[in-house]
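Welcome, and thanks for taking a look at this one. Below is a short tour of its salt bridges, surface patches, overall dimensions and backbone details.

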Amino acid sequence: MSFKILRHSLNLFSKQLPALPVISNHINLQLVRALPHFVDKPTPGKDHKQYRRTVHFPEDGNYTIKPLDNTHLAGRDPVTGRVVAKGIGGGIKFKYHWIKYNRDGPEEGPPQEERVLQILKCGCRTADVALVGVGKELKYILATENMKAGDIIKTSKFIPRIPVRANEGDAYPLGALPVGTIVHNIEKYPGCNKHFVHAAGVFATILRKFDDRVVILMPNKREYALLEKCMATVGRLSNVEHSRTPIPSVHRWRELGNRPRSGLWQRKSGRHGRKIKKPPPMKLHGPPKQPEKPPLKLTINRVSKGGGTYINPL
Amino acid sequence: MRLTNILFKQHNVWRAKLKWKYQSQRNVLDTGLVAALEKKGITVKDAVEYTNKMNKFAKTNPEKKVEPEINHPITYIYGDSNCLVYGCSQAQVLTKTLIFDKFPEKLEKKFASLKLPTDIERSMHQSVLVSHLLDAEQIKSPYKIPIAPHKPRHFLPKEYCITERRKNLLISTRLLNHCERFYGHIEAVNKKTVNDVKFMAPIEKNGDRVQFNLSAETFVTSKKPIAPFDGSSDQSVPDIYPLDQTVSIPKIETKYDLTSSYPIKTTSIFSHPHTIMLHYSKNDVKHLFEEEVTHDQFESRAILKGFAVATSRAHSLYGLDVKILQQPIAIQVVQLDGRKIQFGIFQLNTLDLDSKDGVKNFWFRKPDMFLYDECIYKDGRPLLSNYNFDIFKMMCVFYSN
């Protein structure tokens, strides 16, 4: 046990006991772990952050197709070290394929053509991964349902007057695609590094267009209104049977990195069972209006004249 | 004496501290003061900058010396462990070659008419068994073999076996030895074999600098060069659009001087290149994206090595700036996998690689041959099934060329 002895209490453990008058009848010792220590733990699921693994990206930050090593987090937040997401731990350590979600293309002229070289499986995601080559560059993208080696896929950022008749795997801005198109890997707003719809077999549908926005129906049945310049890839993601394949044994469940969960089912708690409610209204996504300033953090620690720091218990 | 504090249900200090945790974080609202002052021409600066400067004991990091950036030209270096992702088509574009699926008529006739004595064929058959199963080397295999297909993560204990390098070395030396035995002193006197030689050949094609740093495990040289073959066809070099010729070749951006090196002096009698025998092993030749190497990619390695040998020879004879060769240089290539053998002939006709038309280089190939079907211990006995006699025959044809 470690002890933190407050300045105003007697020091019982020194060799020479000070000849002081008795101030109090008890010694004010506090265990360090009994001191209040509030830690800000993040809420799991916020900003689509995952707590399964940290990927060891290369130090120079340059993109590479080499499968990357990673360390398991087991549901822990890497900053605080506390468990944030329950039920995660162990499992096979798969190598991570660094996917280029941003599909860059020319803003005018004919679309850029790329060739699909190989379709591979990635253990860190449910969808398949396609190795794609263009020019001198090789990169990974998410593979669509009917994609195979040898296909040519196109990318363009130009929005023509007449909507483009796009094939599976092509990437165009939302404004260039006709209503009813099935898309995935949709940008949140132009220039954002966050994309929607990545899981196996899922897709979003373009419902309607108004002003400079395009409304899409997400897999969770919500409607999002995104700017028409947001890039999206046409088609449904690969490995469609994933949601229909059951996990045959506990062993396989643990191999996937999931810890045992309690089978407790409470009849009247209101937690279990199907919920039927009206979907929330259409949400407009766009770039943040003002850059968010971090809040000012005030402290009441002060430096004493002697040179040490006095830590107020408050 | 109580060593711990009494735990109260309502702890005042903890409650105050929790309140302070939230109250200590304040969102500073923009009062509009800064904007109003700047309109009047008064600049407003953050006081924190100046307080840090006033602190005498503040640590100042010395300015790091930034070296001036020199943009060196990018060099693509193709080595022994690399593999082209687009296979033979990419190799064709890089080296401006045409592929022929049959050997020249002269060699095909020789192959058809050659009859080998049974004792030599039997000896070769036995040496394949010896080099794969009966050799004394016992080293732990680098490969993990799963217990069952449905259990890919559970592995059998690693077996002791002969290394792939040794298997390939034994097969290649035994093939050559048996050829020497068959043809005798007459042919053997005209040839020399060297092991583990390095070739360096640079090319500059369409603005790309490519350096081939390749090695041949066995290099057979001869007194006379191989007579060049005629290869006329309507073929053209394939188009690998949208890929570039140097895709998947590792590149470096530092200073690199292109060098050409042929391992044997041109003044030597035995300097003419005859055959190269290459070894391939799954452990040594890998893609950066860690997927299996296909047969097409396996063959492209043979094409590039043949090209590198011929180019380094041309540079040693005619200089680094040579474009059109006085006489084509033909090289026989044998690539071994332990079981799979690739026979091919690379003929370098031109080093003028930039232009699409004109004279092109040739690659004659045979469909891949397998030495055997199975070479394992079965029921405790060594078994070699379906041994292919054509391979030694082909090797003899190559040796006597």
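## A contact between the chains

The side chain of Lys21(B) meets that of Asp40(A) in a salt bridge, 3.2 Å from N to O. Lys21(B) belongs to helix α1 of chain B and Asp40(A) to the loop between β2 (29-31) and β3 (53-55) of chain A, so this pair joins two chains. Asp40(A) itself is partly exposed, at 47%.

A salt bridge is called when a side-chain nitrogen of Lys or Arg is within 4 Å of a carboxyl oxygen of Asp or Glu. Helices (H or I, at least four residues) and strands (E, at least two) are DSSP runs, numbered from the N terminus.

## Ground rules

This is a predicted model, in which local features need pLDDT of at least 70 and side-chain atom pairs count only at pLDDT 80 or more, while totals for chains, interfaces and linings use all residues. Residues are numbered from 1 along each chain as its sequence is written, chains are lettered from A and ligands numbered from 1 in the order in which they are written, and side-chain values use heavy atoms, with hydrogens and water left out.

Over all chains, the count comes to 23 salt bridges. As background, side chains of opposite charge can pair when their charged atoms come close. One of these pairs sits within chain A: Glu255(A) and Arg252(A) meet at 3.0 Å, N to O. Both lie in helix α1 (residues 250-255) of chain A, three residues apart, which is about one turn of the helix.

In chain B, Asp373(B) forms a salt bridge with Arg339(B), with the closest N and O atoms 3.7 Å apart. This pair links distant parts of the chain, 34 residues apart: Asp373(B) is in the loop between β15 (369-370) and β16 (374-378), and Arg339(B) is in the loop between β12 (324-336) and β13 (340-350). Asp373(B) is partly exposed at 43%, and Arg339(B) is partly exposed at 31%. Elsewhere, salt bridges that share partners join Asp69(A), Lys95(A) and Glu290(B) into one network.

## Patches on the surface

Which residues form the nonpolar patch on the surface? They are Phe38(A), Val13(B), Trp14(B), Leu18(B) and Tyr22(B), with about 450 Å² of accessible area together. Tyr22(B) lies in helix α1 (residues 12-23) of chain B and is exposed, at 56% relative accessibility. Patches are made of residues with over 30% relative accessible area and no salt bridge, joining like charges within 9 Å and nonpolar side chains (Val, Leu, Ile, Met, Phe, Trp, Tyr) within 5 Å. Accessible areas come from the Shrake-Rupley method with a 1.4 Å probe, and for residues only the protein chains shown count as cover.

A patch of positive charge gathers Lys140(B), Lys144(B), Arg153(B) and Lys158(B). Lys and Arg count as positive and Asp and Glu as negative, leaving out His and the chain ends; the place of a charge is NZ of Lys, CZ of Arg, CG of Asp or CD of Glu. Lys158(B) is in the loop between β6 (151-155) and β7 (160-161) of chain B and is partly exposed, at 39%.

## Chain B as a whole

Chain B has ten helices and 17 strands. Its C-alpha trace spans about 100 × 65 × 40 Å along the principal axes. The radius of gyration of chain B is 33 Å, whereas a compact globule of 401 residues would have one near 21 Å. That radius is taken over C-alpha atoms, and the globule rule is 2.2 Å times the number of residues to the power 0.38. Of the 401 residues, 42% count as buried.

## Backbone details

The peptide bond from Tyr241(B) to Pro242(B) is cis, with omega near 5°, and Pro242(B) lies in the loop between β9 (208-222) and β10 of chain B. Asp379(B) is not a glycine, yet has a positive phi of about 55°. Asp379(B) sits in the loop between β16 and β17 (381-385) of chain B and is exposed, at 76%.

Key. Buried < 20%, exposed > 50% of the residue type's maximum accessible area, 1.4 Å probe, protein only.
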